[in-house]
Amino acid sequence: MLFPTTLVGSYPQPEWLIDRQKLAGRFPPRVRARELWRVEKSFLEEAQDDATRLAIRAQEEAGIDIVTDGEIRRESYSNRFATALEGVDIDNPGTALDRSGHPNPVPRITGKIRRRHAVEVNALLFLKKNTDRKVKITVPGPFTMSQQAQNDFYQSPAEAAMDYAAALNAEIRDLFAAGADVVQIDEPYMQARPEKAREYGLKALNRALAGIEGETAVHICFGYAAIIHARPSGYSFLPELRDSPVRQVSIETAQSNLDCSVLTTLGGKKIMVGCIDLSDPAVETAQIIVSRVKKAMAFVKAEDIILAPDCGMKYLPRDAADGKMRAMVEAAKILRAEFDNRRSQ
């Protein structure tokens, strides 16, 4: 299918499940944040199941082609996986600077990082059980996790990143074995800290992807629009992904008004074009979304374009998220019709 649609990962969690005011009033948690959930621990899994079904139905009703679980079970995109690993102390957390420069409690690395068990496979299986569409599951990247931790064990952060990568590689293999159509790795800190990303982050990402044959994606972004408001017009780390084995690259264009000529540097990879502005709850028209995608089409083949929001929709009101998804799906229909007309002429 031309111009398939998907989410970057997250869909808004219901107010009855999580305290959205508390969620929005702090930086994304790196350690566990049980205080955000409104439901008692004994009922939490059932409540998360119900809310995940709602997120799946919302995507299906909007017409999304590649469905996610909405990351409903997560307090943030990264902490569910990062805190499940051996070698990190989450009961006595450390501190690290967030990408905004503010200190944030983070897992403290006290031993060799290893994956104890599969972390997101059950979430993937639940997703597959509840939809007949293609499915995508997301995981945090090894470089980003290394930046969201206090290293009290390894000789260098590069060593920590490589062990995060080995743990992630095992997780990705299990996710594809369980039936994932796409596995997306979230690496926002490659944009936030490009020098370190060039030094060892790309090597860690490639280690996480070593031997993986399924459809993989990497998401590079400027941060949640609800938290990081300013947007540069270009990426500080993007062309470096050209020689990575990752097959899809997810980028922002809507809020940042990105100069899309940079996409020519990615060597024919599929591009997940962020075409939904998450800084404004107002729903864009399909034509506005079409115009954003066409900026990318000047530099990327139509066959290689996937439509998506700029980033996760976690902080949007649910009605805004639903409206934006529907508008994006309508934009994809318009683009398909225009492309088909050109091919038939």
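# Chat about loops, pockets and a histidine

Me: Where is Glu71 placed?
Reply: Glu71 sits in the loop between strand S1 (66-67) and helix H3 (79-82). Helices (H or I, at least four residues) and strands (E, at least two) are DSSP runs, numbered from the N terminus. This is a predicted model, numbered from 1 along each chain as its sequence is written, and local features need pLDDT of at least 70. Side-chain atom pairs count only at pLDDT 80 or more, while totals for chains, interfaces and linings use all residues, and side-chain values use heavy atoms, with hydrogens and water left out.

Me: Thanks! What is the phi of Glu71?
Reply: Glu71 has a positive phi of about 55 degrees, although it is not a glycine. Most residues other than glycine have a negative phi.

Me: And is Glu71 buried or exposed?
Reply: Glu71 counts as buried because its relative accessible area is 5%; buried means under 20%, exposed over 50%, partly exposed in between (1.4 Å probe, protein chains only).

Me: What about Phe3?
Reply: Phe3 also has a positive phi, about 50 degrees, and is not a glycine. Phe3 lies in the segment before helix H1 (20-24) and is buried, at 1% relative accessible area.

Me: Switching to pockets: how much space lies in the largest pocket?
Reply: About 440 Å³. On a 1 Å grid over the protein atoms alone, a pocket is an open set of points where a 1.4 Å probe fits, with protein on both sides within 12 Å along at least five of seven lines; lining residues have an atom within 4 Å of a point. Points are joined across faces, edges and corners, and the volume is the space filled by probe spheres set on them.

Me: Which residues lie nearest its centre?
Reply: Of the 15 lining residues, Leu44, Glu45, Gln48, Arg73 and Arg80 lie nearest the centre of the largest pocket.

Me: Which helix gives the most to that lining?
Reply: H2 does, with five residues. H2 spans 41-62, and its buried residues include Leu44 and Gln48.

Me: Last topic, His219. Where does it lie?
Reply: His219 is in strand S7 (residues 215-219) and is buried, with a relative accessible area of 3%.

Me: Which side chain does His219 make a polar contact with?
Reply: The side chain of His219 pairs with that of Ser250 at 2.8 Å. A polar contact is a pair of N or O atoms within 3.5 Å; within protein, one must be able to donate a hydrogen and the other to accept it, and residues adjacent in sequence count only if both atoms are side-chain atoms.
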